[in-house]
Amino acid sequence: MRFHTGFAALFASSVLFSAGSAGAVDLEVTHWWTSGGEAAAAKVLAESYDKLGGDKWVDGAIAGSGTTARPIIVSRILGGNPMGATQLNTGRDAEDLVKAGLMTDLSELAAKEGWADFIRPSKLLDACKYEGKIYCVPVNIHSWQWMWTNPSVFKDAGVNPPANWKDLVAAAPKLKEKGVIPLATGDAWQVDGIFRVLLAAIGGKELYLKIAEKKDAEAAAGPEMKAVLQAFAEARELADPGYVGRQWNEATSLVLTGKAGAQVMGDWAQSEFGTAGKVAGTDYDCLPGLGVYPMLDTGGDAFYFPKSDNPEVTKAQLKLASMLVSKETQVSFNLAKGSLPIRGDIDLNTANACMQKGIKILADSNNVLPAYEQAFSSDTQGQIEDLSTEFFADKNMSVDDAQARFVEIITEAQ
Amino acid sequence: MPNKRPFAPLRNFNAKVAAVPMIATVLVVFVGCTLWTVVYSFTSSRSLPVLDFVGFDQYERLFRTTRWNVALKNLAIYGVLSLVFSLVIGFILAALMDQKIRFENTFRTIFLYPHALSFIVTGLAWQWILAPTFGIQKVVRDLGFETFEFSLLTNSRYTIYAIVIAGLWQGTGLVMALMLAGLRTVDDEIWKAARVDGIPAWKTYVFIIIPMMRPVFVTTLVIIAAAIVKIYDLVVAMTNGGPGIASEVPAKYVYDLMFSRGNLGQGLAASTIMLTTVLIILVPWALMEFRPTNRKGGAK
């Protein structure tokens, strides 16, 4: 029953707000880049936008992960109180909003600047398209398929630093003896992330594509999928009991400070190592595709521009969109964020060893996987997350049970 | 004019005008939105409401979902335990406070303080207290009991009880305050009469005082029950539904499905079930409690 009152309050406040917003030059930008490295990257964008003169970037950072921020952003747009621009993940986050005609059409600008020519991989721009029109600006590429390790922890325990997933599993008992957490993880979405990485790294490209793109229930019931779930069952033995409710950057800092051996986390974790002044290759190491199959998905962040009645706001939105894809912004922003740029025509020679690895992998389009966000609706993603976290927490749940449930989800997926 | 009775609808005209905003709110917000919720729970709505009816599909999926069933079970456990314990502990605390003790104000403040905190703060504080890496478990282990195990939060089977404990810590103070107010309304003469008759104190409480406090109990029950059904923030702060899905609650399912997973139909179906459950419990009770013939009785 409290939801009804909640709705009413939301509605009332949105009416009040939209009546009050007239200033065109203050462009409110919402995003959830709030950890140390992320905030630095957001600041780069804000400063470059303000430097263009005239319009101002009003920072609307929402603390917490996308899980917290996305509903706030979406309900503000639906409630008629849209911000000037907002970050969302590349993919189907905003699908329904675009369908309902709530987003500014960027096609004209995109054609003028020739986005299709330089945005790479081209899948990124496809994710922004609906009925041939472009509704978002991809700003970076983030991939989930990375494992971050602290080599000195392994050396202290008398084992070689792992080169792949199997090594980590084998080294785990030695690490535990030393009181080190073999695999640091946290909140539900991080646990789910381990599962999606294992799906690509243990299952291989073929299985990943069958499940993500074709929603092939037979593949989901097959032996390769079982191997993935078995690896995931190994993973649940590697985590410490304190993982419940831990933030991702806390987990990263466990690795950083030598309290944990490894973390499976997307490449945004790198910005935490960077902010802490650690050097890739010596202080920490990175294993794309868990060192098994070096393939990366191309999720990432994109900016959406909710439609506004005010032409001044629309103008400011297009100006921001154009800036986001520009060469200068792409270089400075992605170096700060630890992500890969969306342009194929810029040189990132200042990037560190791990980023170079990533750039190399993505240069070959055979190594590019579609991200969950592009493949599954947020509803299906949620169902998979429920399953993976339940399995991870409940050591009595068997691989077969989990697989049966997974098949059910994939069969229903749209 | 002075002798003429006013036209019936205009009787108490000012009072009726004053009630109009409230009536409108009730009709539009409560009744209107409830109907809207029920209607759209039969559609295939995703992020946006669409009138595409799919029958009971959403309900079928709802009851096939493990997470929802776990959530219902958790609500039942949480509901029964916190109802029973907060009433019992609250009443006992109030009875103890009523013994004309010294520093009563101080104690009352201490017990009532947790209620001044938001559930988020309570949840975080208890998360820290119960976390195995730096809470009670660590303190006791540091004292020398190396094998001491107290991991309510991280063991899927007991997490919901950790939430019950935190909920009780927060809510019992209020129950105590209400009960204490109720106890103070009991006439001293009754106590004197009981003492003259040589009835032991506990018997006086159970057979005389508690029945006399029926209205207070009803009020308290309604307040606690409402708090139970809408439990959400405490869970979010303490465990976020984890480990896994072990401490999920219905309200959290509704919120997640509606807002972060863009499946309005499913979320509305879940909230309709929540509403139905409340109605099933509430309607028979309300009929009994508020039936007109009861007017003369103690309860209003």
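## A four-stranded sheet in chain A

In chain A, the strands β8-β9-β7-β10, in that order, make up an open sheet of 4 strands with mixed pairing. Strands here are DSSP runs of E with at least two residues, helices are runs of H or I with at least four, and both are numbered from the N terminus. Two strands pair if DSSP finds at least two bridges between them.

This is a predicted model, in which local features need pLDDT of at least 70 and side-chain atom pairs count only at pLDDT 80 or more, while totals for chains, interfaces and linings use all residues. Residues are numbered from 1 along each chain as its sequence is written, chains are lettered from A and ligands numbered from 1 in the order in which they are written, and side-chain values use heavy atoms, leaving out hydrogens and water.

- Strand β7 (residues 146–149) of chain A runs antiparallel to β10(A), and 4 bridges join them.
- A:W146 has A:P288 in β10(A) as its bridge partner.
- Helix α9 (residues 165–177) of chain A packs on the sheet and touches β7, β8 and β9 (260–264) of chain A; contact means heavy atoms within 4.5 Å.

**A five-stranded sheet in chain A**

- Another open sheet has 5 strands in the order β2-β1-β3-β12-β6 (chain A), again with mixed pairing.
- β2 (56–61) and β6 (136–138) of chain A stand at its edges; each has a single partner strand, so one side of each lacks a neighbour in the sheet.
- Strand β1 (residues 26–31) of chain A pairs with β2(A) in the parallel sense over 6 bridges.
- Within β2(A), A:G60 is the residue opposite A:T30.

**Where the two chains meet**

- How many residues of chain B are in contact with chain A? There are 36, and they touch 33 residues of chain A.
- About 3100 Å² is buried between the chains, 60% of it from carbon and sulfur atoms; buried area is the accessible area (1.4 Å probe) that two parts lose on being put together, summed over both.
- Between chain B and chain A there are 8 salt bridges, each a side-chain nitrogen of Lys or Arg within 4 Å of a carboxyl oxygen of Asp or Glu.
- A:D379 and B:R61 form a salt bridge through their side chains (2.8 Å, N to O).

Methods. Axes fitted to C-alpha atoms, helices over the stretch in contact; angles between N-to-C directions.
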